[in-house]
Amino acid sequence: MFSDESRFSLQSDSCRTFIWRAPGTRYHQENTNERHRYGGAGWLVWGGIILGFRTDLHVQSVTMTGHIYRDVILEQHVRLFRGVMGAEFLFMDDNARPHRANIVDECLQSVDITCMDWLAYSPDLNPIEHVWDMLG
């Protein structure tokens, strides 16, 4: 299961810059400008995709914490898919701080969920990023 959350701004300008570039140059370093600033009111939306299926979207107006991630995302969404998929289930989330909290790691181990190793800040490798692009 690939999972991720994205922040959607309630302001008219999301501060995203859209550019046109030559085909095949999408991830060249000169076309990449990494920013991690999120100002103003907005909604945090979490979702997951797996083998042609998707989770329900989880929408919240507060910052994601390790407790919220464990109690809501893992317990109410991910665990259900793990139960259906069985031992073959492999879970991918990014390396955001709430995802690596000790309580989250303990929860994942207690329900026998195997996590995929993932590089920090590597959204271009995660297929669910294309879902956010379509929604945003």
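# Reading a predicted fold: a tutorial

From the N terminus on, the elements of the protein follow the order β-β-β-β-α-β-α-β-α.

Me: How many helices and strands does the protein have, and how are they defined?

Reply: The protein has three helices and six strands. Helices (H or I, at least four residues) and strands (E, at least two) are DSSP runs, numbered from the N terminus. The model is predicted, so local features need pLDDT of at least 70 and side-chain atom pairs count only at pLDDT 80 or more, while totals for chains, interfaces and linings use all residues. Residues are numbered from 1 along each chain as its sequence is written, and side-chain values use heavy atoms, with hydrogens and water left out.

Me: What share of the residues of the protein counts as buried?

Reply: Buried means under 20% relative accessible area, exposed over 50%, and partly exposed in between (1.4 Å probe, protein chains only). Of the 136 residues of the protein, 31% count as buried.

Me: Which residues of helix 1 and helix 2 meet?

Reply: Contact means heavy atoms within 4.5 Å. On the side of helix 1 the residues are Gly-66, His-67, Tyr-69, Arg-70, Leu-74 and Glu-75, and they meet Ile-103, Val-104, Cys-107 and Leu-108 in helix 2. The residues of this contact divide into six nonpolar, two polar and two charged. In this division, Ala, Val, Leu, Ile, Met, Phe, Trp, Tyr, Cys and Pro count as nonpolar, Asp, Glu, Lys and Arg as charged, and the others, Gly among them, as polar.

Me: Where do Asp-71 and Leu-80 lie, and are they buried or exposed?

Reply: Asp-71 is found in helix 1 and counts as partly exposed at 37% relative accessibility. The C-alpha atoms of Asp-71 and Ile-103, 32 residues apart along the chain, are separated by 10.0 Å. Leu-80 is also found in helix 1, but it counts as exposed at 58% relative accessibility.

Me: What surrounds Arg-82?

Reply: Arg-82 lies in helix 1 and is buried, with a relative accessible area of 15%. Leaving aside neighbours within four places in sequence, Arg-82 is in contact with Ala-87, Phe-89, Val-111, Asp-112 and Ile-113.

Me: How many aromatic pairs does a search of the whole structure find?

Reply: Rings of Phe, Tyr and Trp (its six-membered ring) pair if their centres lie within 6.5 Å; planes under 30 degrees apart count as stacked, over 60 as edge-to-face and the rest as tilted. The search finds one aromatic pair. The rings of Phe-89 and Phe-91 have their centres 6.4 Å apart and their planes at 15°, so the pair is stacked. Both Phe-89 and Phe-91 are buried.

Me: What is the setting of Trp-46?

Reply: Trp-46 lies in strand 2 and counts as buried at 1% relative accessibility. Not counting residues up to four places away in sequence, Trp-46 touches several residues, among them Ser-3, Leu-57, Tyr-69, Ile-73 and Trp-132. The C-alpha atoms of Trp-46 and Leu-57, 11 residues apart along the chain, are separated by 5.7 Å.

Me: What is the phi of Leu-51, and what is that of Asp-112?

Reply: Most residues other than glycine have a negative phi, and most peptide bonds are trans. Leu-51 has a positive phi of about 40° although it is not a glycine. Leu-51 is placed in the loop between strand 2 (42-50) and strand 3 (53-54), and is exposed, with a relative accessible area of 66%. Asp-112 has a positive phi of about 55°, and it is not a glycine either. The place of Asp-112 is in the loop between helix 2 and strand 6 (114-115).
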